[in-house]
Amino acid sequence: MSNQPLDSQQANEQTEKRRILTGITTTGIPHLGNYVGAIRPAIQSVQNSDDEAFFFLADYHGIIKCFDPAQIHESTKMIAATWLACGLDPERVVFYRQSDIAEIPELAWILNCSCAKGLMNRAHAYKASVDINMEKNDVDPDHGITMGLFSYPVLMAADILMFNATHVPVGRDQIQHLEMARDIAGTFNHKYKSLFTLPKEMVNDDMPLLTGLDGRKMSKSYGNTIPLFGELNPQVNGEKQLHKAIMRIVTNSQAPEEPKNPDESTIFEIYKAFATADEISELRTRFEAGIGWGEAKEILFNKINGEIAPFRERYEHLMANPAELEEILLMGAEKARRHSRKQLDKARRAIGIKPLAKLKK
Ligand code: TRP
């Protein structure tokens, strides 16, 4: 075989506009790990490129694991306010709420009918839940597992294929879902009509995974996170909450003047995600010379707060004025629906669902 087709395909990939799409599940409170690992890089990468970008609040994914309506609602509001406060430009990025795009669950149903059940049986998230049940005696392997959890990769495929996204920034745990989206797209394209672009995952391997308060990976499920703008309690000032959380980072019992190993310190590790190379080496020197944990925490607090204080002001404004948020999201939905209405119509026609006749007026 000649190299020709590959070369021209590569050339194509470089010249054609990329369409980036990613979803943020609406459960929980945005924390420093989300900021460093997802929010900041995503916003910077769209600012520095001419990629088309679609970012959305995945609230229909939120209800898979969270059954608390108030939490779903509040989390959607906080996540929308966080992304906008951190600099997401809703004129530049199509920023919308999944549930405003009724075409998405409709497409998900159509894709369900082209998706092998066996493919879903192999999904990691589903298998992990089955494994937990299997460890217990006398428990049905599917105990507590909803159809939502089982078929959620199909909804995710609909999110992506609806907009013919070319590149999807995700965490490592989502790579399998991208493989499934390609599989589902390929089956539909082959069975009916070539309608869907096969999307690629974008996994950033050099992105640091932040360490949490207790020294384990910062994660909502460990309860060790540092909230970006503070918890829901508006009575307590967000800056004080950040300070308090940083003071709770677990350290060892070394005396202030003892030399410390920066590479074993959560404080230093988080600092690296916010500071310049010079600032990092300066703090390293101070650790090695001996620095009190309290002082190191103050340095960390000032560094983080310096970056996010301007965002916090905008965040608090948006949280206090949810009508502004609502308006921005509805504007995003209007833009998204210009695509989704057409794409759904094509999918329906491809499977044989269309008007029986054109009506004369
Ligand atoms: N499932 C993704 C997560 O947990 C969130 C998500 C939903 C998503 N739909 C998406 C990500 C579409 C990328 C594209 O992180």
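This is a predicted model: local features need pLDDT of at least 70, side-chain atom pairs count only at pLDDT 80 or more; totals for chains, interfaces and linings use all residues.

Phenylalanine 229 counts as buried because its relative accessible area is 5%, where buried means under 20% relative accessible area, exposed means over 50%, and partly exposed is anything in between, with a 1.4 Å probe and protein chains only. You will find phenylalanine 229 in the loop between strand S5 (200–202) and helix H11 (238–247); helices here are DSSP runs of H or I with at least four residues, strands are runs of E with at least two, and both are numbered from the N terminus. Which residues is phenylalanine 229 in contact with, leaving aside its neighbours within four places in sequence? They are Thr82, Cys86, Gly238, Ile308, Phe311, Arg312 and Tyr315, and contact means heavy atoms within 4.5 Å. Alanine 309 is 80 residues away from phenylalanine 229 in sequence, yet the two C-alpha atoms are 8.9 Å apart in space.

Residues are numbered from 1 along each chain as its sequence is written, and side-chain values use heavy atoms, with hydrogens and water left out.

Let me now step back to the whole chain. The protein chain has 15 helices and five strands, and its C-alpha atoms fill a box of roughly 85 × 55 × 55 Å along the principal axes. Of its 361 residues, 43% count as buried. If we take the contacts in the protein chain with a separation of 6 or more, residues 24 or more positions apart account for 77% of them.

Next, the packing of the helices. Helix H13 (residues 277–289) and helix H14 (residues 293–320) pack at an angle of about 170 degrees, and their axes are 12 Å apart. H13 is therefore roughly antiparallel to H14, given that angles over 145 degrees count as roughly antiparallel, under 35 as roughly parallel, 65 to 115 as roughly perpendicular and the rest as oblique. The axes are lines fitted to C-alpha atoms, for helices over the stretch in contact, and the angles run from 0 to 180 degrees between N-to-C directions. On the H13 side the residues that meet H14 are Glu279, Leu283, Arg286 and Phe287, and they face Trp293, Glu295, Ala296, Ile299 and Lys303.

How do H14 and H15 pack, in angle and in distance between their axes? The angle is about 90 degrees and the axes lie 5 Å apart, so these two helices are roughly perpendicular to each other. Arg314, His317, Leu318, Met319 and Ala320 of H14 make this contact with Pro322, Glu324 and Leu325 of H15.

Staying with helix H15 (residues 322–351), we find glutamine 343 there, a residue that is buried with a relative accessible area of 5%. Beyond its neighbours within four places in sequence, glutamine 343 is in contact with Leu161, Met162, Asn164, Leu195 and Phe196. Although asparagine 164 is not a glycine, its phi is positive, near 45 degrees.

That brings us to H9 itself, which is mostly covered, with 10 of its 10 residues buried. Isoleucine 160 is in H9 and has 3% relative accessibility, which is why it counts as buried. Not counting residues up to four places away in sequence, isoleucine 160 touches Leu21, Ala165, Val168, Leu178, Ala181 and Pro199.

To finish, here are two residues at the other end of the accessibility scale. Is glutamate 91 buried or exposed? At 60% relative accessibility, glutamate 91 counts as exposed, and it lies in the loop between helix H4 (69–85) and strand S3 (94–97). Even so, glutamate 91 touches Met331 and Lys335, again leaving out residues up to four places away in sequence. Aspartate 138, in the loop between helix H7 (124–135) and helix H8 (147–150), is exposed at 83% relative accessibility, and its phi is positive, about 60 degrees, although it is not a glycine.
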